[in-house]
Amino acid sequence: MKIKGEEKAVVSTQSTGANRMSMFYAYPTPMLKMLSSTVSTFVQKNDALPLEHTTDILSTMANLCRCMIEDSNIVARFQQKDTVMFVLRVMVGAIILYDHVHPVGAFHRKSCIDIKGSIKLLKEQPAVSVETLLNALRYSTVHANDEETSGVVKKLLTEQ
């Protein structure tokens with residue numbers, strides 16, 4: 001004999017349990033995870049395309065964004081205030097992708113990215129607007145805590 005509504009209760013309970021579990025097992029930044037996985041897979045599957053081409057593009061984007069924000073003449077030409085935050089987000093995204101794709105990462109001394117300059121630039125901005133970007137560098141990168149990462153860079157990342 002089947003009780004009316006019993007099936008709905010089981011499905012609802014399973015879905016509630018799954019939602020609670022996903023908070024602990026899901027990636028904190030699913031879009032970033034998808035992007036880094038896609039770029040890594042692309043690099044691995046295309047042996048004819050040297051890894052340096054991909055990492056050069058990402059490091060150039062990160063450095064270009066940093067230079068744009070450091071140059072007050074360029075910032076003055078922005079028509080919207082949100083453009084600065086957009087450029088900073090692109091810079092951080094390029095750094096994170098570079099760190100995921102490059103074998104030694106963005107925080108290595110021989111990296112093409114001026115990571116120290118990028119972190120200092122972020123810290124010069126209002127803390128409220130860039131704290132999430134700094135947290136992304138702290139917690140979404142692969143090589144930030146490596147032994148090869150400079151102590152100065154580690155200190156910049158951990159300071160509030």
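What follows is a chat about a predicted model and the packing of its helices.

Trainee: What should I know about the numbering and the model before I start?
Mentor: Residues are numbered from 1 along each chain as its sequence is written, and side-chain values use heavy atoms, with hydrogens and water left out. The model is predicted: local features need pLDDT of at least 70, side-chain atom pairs count only at pLDDT 80 or more, and totals for chains, interfaces and linings use all residues.

Trainee: How many helices and strands are there in the chain?
Mentor: The chain has eight helices and zero strands. Helices (H or I, at least four residues) and strands (E, at least two) are DSSP runs, numbered from the N terminus.

Trainee: What share of the chain is buried?
Mentor: Of the 160 residues, 34% are buried. Buried means under 20% relative accessible area, exposed over 50%, and partly exposed in between (1.4 Å probe, protein chains only).

Trainee: And what about contacts between residues at least 24 apart?
Mentor: They make up 64% of the contacts between residues at least 6 apart in sequence. Contact means heavy atoms within 4.5 Å.

Trainee: Switching to helix pairs. At what angle do H2 and H5 pack?
Mentor: Helix H2 (residues 30-45) and H5 pack at about 45°, and their axes are 9 Å apart. That makes H2 oblique to H5. Angles under 35 degrees count as roughly parallel, over 145 as roughly antiparallel, 65 to 115 as roughly perpendicular and the rest as oblique. Axes are lines fitted to C-alpha atoms, for helices over the stretch in contact, and angles run from 0 to 180 degrees between N-to-C directions.

Trainee: Which residues of H2 and H5 make the contact?
Mentor: From H2, Leu 32, Leu 35, Ser 36, Val 39, Ser 40 and Val 43; from H5, Ile 96, Leu 97, His 100 and Val 101. By class, this contact has seven nonpolar, three polar and no charged residues. Ala, Val, Leu, Ile, Met, Phe, Trp, Tyr, Cys and Pro count as nonpolar, Asp, Glu, Lys and Arg as charged, and the others, Gly among them, as polar.

Trainee: Next pair: how do the axes of H3 and H6 cross?
Mentor: The axes of helix H3 (residues 51-70) and helix H6 (residues 115-124) come within 10 Å and cross at roughly 45°. That makes H3 oblique to H6.

Trainee: Which residues meet there?
Mentor: Arg 66, Ile 69 and Glu 70 in H3 meet Gly 117, Ser 118 and Leu 121 in H6. The residues of the contact of H3 with H6 divide into two nonpolar, two polar and two charged.

Trainee: What covers the buried residues of H6?
Mentor: The cover includes H3, helix H5 (82-101), helix H7 (127-139) and helix H8 (151-158). The buried residues of H6 are Ile 115, Gly 117, Ser 118, Ile 119, Leu 121 and Leu 122.

Trainee: Last one: where does Asp 114 lie?
Mentor: Asp 114 lies in the loop between H5 and H6. Asp 114 counts as partly exposed, at 32% relative accessibility. Asp 114 touches Asn 63 and Arg 66, not counting residues up to four places away in sequence.
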